Amino acid sequence: MIQNIKKSYEHTIYASYVGYITQAVVNNFTPLLFLTFVATYGFSLEKITLLTTVNFFIQLLVDLVSVKLVDRIGYRPAIVSAHLFAAAGIAGLAVLPQMFPHAYTGIMVSVILYAVGGGIIEVLISPIVEACPTEKKEAAMSLLHSFYCWGQVLLVLMSTLFFAVFGIENWRILACLWAVIPFLNTVYFMLVPIYPIVEEHEKLSLRGLFGRNVFWLLMVIMVCAGASELAMSQWASAFVESALGISKTVGDLAGPCAFGVLMGIARALYGKFSERIPLKWFMLGCAVLCVLCYAAASLASNPVLGLVGCAVCGFSVGIFWPGTFSIAAKSIPGGGTAMYALLALAGDIGCSGGPTVVGMVANAASGALQTGLLAAMVFPVLIFIGICLVRKG
């Protein structure tokens, strides 16, 4: 069994799937506990908000550092370390608050630990799968990214079930249980084969990478991919409740939760039918659908149509992130780690910037979220234009 794991690239792909489930836990578990932290430790909302800010800031920093560092230490040590950081951070939520004079310090240390792990995972998993000797590269990449969506849905459903059965007061036990996933995947990644991303003699220098016009075009597309996704998903719950007048319980299930499920379905479907649909055409079609979804959410007077726009937007944005990685691999074959790290950085900038644009425009429009979402329509429009300009893929 172990010898088979060491020789089969399929196990490398399976370990990568679990890596993206780990990434989903890293980004989405702590937010489930925000109100619990307020009730248990008396944290202010400003302190709670800072936890999310630090998480994504550290991941951005790791994206940047990875440009040079990963090639020096090697892919296996880096991805193994990433899972150890993630496991330590998630489990640390249950342990570290009791070990520091102030509980907030312990939780912040935990956030920093799992953010380091999450940042490395985000940079490395895609090129690790891209390097595997598979015939359907685009399908493998799309299916890989769907596991982040399934991980997010699994996290919410299993955590909700745990709290219903055992009570929210036992959240520390649940944190330790979720930490088991990255810990076991650490062992898995110590065994699976990891193939060279780019041969040393074929690798582009940073100057060579920056000299490619297509690289900068792909960076813009990645910023807009992250912005298109997060602008809707981060504001969907508040939008459904305040602007559409739908109850929070129904709205969260039919809005944000449906958004995540449909995003996963889009990635899984393209993974299955990639041979029949050219990637560029699928991305162009999804960009048009995304514009229509934002229009429905922001302009529709019918709440049901607005809700459908929110949910279907998840399907429309599903291919943007993995599809851009696949186009980059074809367009810049010598890009290597630096290319993937910088694209991840661009995507994370979009993830941060998209919701910010919606919030700022909505604030300027006296709190009208519809106006903020209408402004976010520019992101899929730019993706459409960018994909039209890319020659390969």
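**Helices and their neighbours**

Trainee: At roughly what angle do the axes of helix α5 (residues 75-95) and helix α6 (residues 103-131) cross?
Mentor: Helices here are DSSP runs of H or I with at least four residues, strands are E runs of at least two, and both are numbered from the N terminus. Axes are lines fitted to C-alpha atoms, for helices over the stretch in contact, and angles run from 0 to 180 degrees between N-to-C directions. The axes of α5 and α6 come within 7 Å, and they cross at roughly 150°.

Trainee: Is that crossing of α5 and α6 left-handed or right-handed?
Mentor: Turning the near helix anticlockwise from the far one by less than a right angle makes a crossing left-handed, and clockwise makes it right-handed. For α5 and α6, the crossing is left-handed.

Trainee: How many nonpolar residues are in the contact of α5 with α6?
Mentor: Contact means heavy atoms within 4.5 Å, and the residues making it include Phe85 of α5 and Tyr114 of α6. Ala, Val, Leu, Ile, Met, Phe, Trp, Tyr, Cys and Pro count as nonpolar, Asp, Glu, Lys and Arg as charged, and the others, Gly among them, as polar. The contact of α5 with α6 has no charged residues, five polar ones, and the nonpolar count is 19.

Trainee: What kind of model are we looking at?
Mentor: Residues are numbered from 1 along each chain as its sequence is written, and side-chain values use heavy atoms, leaving out hydrogens and water. Local features need pLDDT of at least 70, side-chain atom pairs count only at pLDDT 80 or more, and totals for chains, interfaces and linings use all residues, this being a predicted model.

Trainee: At which residue does α6 bend?
Mentor: The bend at a residue is the angle between axes fitted to the seven residues ending there and the seven starting there. In α6 the bend is about 30°, with Pro127 following within four residues, and the place is Leu124.

Trainee: Why is α6 described as largely enclosed by the rest of the structure?
Mentor: Buried means under 20% relative accessible area, exposed over 50%, and partly exposed in between (1.4 Å probe, protein chains only). Helix α6 is largely enclosed because, of its 29 residues, the number buried is 24.

Trainee: How far apart are the C-alpha atoms of Ile121 and Gly19?
Mentor: Ile121 belongs to helix α6 and is buried, at 0% relative accessibility. Leaving aside neighbours within four places in sequence, its contacts include Gly19, Thr22 and His83. Although Ile121 and Gly19 are 102 residues apart along the chain, their C-alpha atoms are separated by 6.7 Å.

Trainee: What is the distance between the axes of helix α2 (residues 9-28) and α5?
Mentor: Gly19, Thr22, Val25 and Val26 in α2 meet His83, Ala86 and Ile90 in α5. By class, that contact has four nonpolar, three polar and no charged residues, and the crossing is left-handed. The two helices pack at an angle of about 35°, and the distance between their axes is 11 Å.

Trainee: What is the relative accessible area of Ile112?
Mentor: Ile112 is found in helix α6, and leaving aside neighbours within four places in sequence, it is in contact with Val54 and Ile58. Ile112 counts as partly exposed, because its relative accessible area is 34%.
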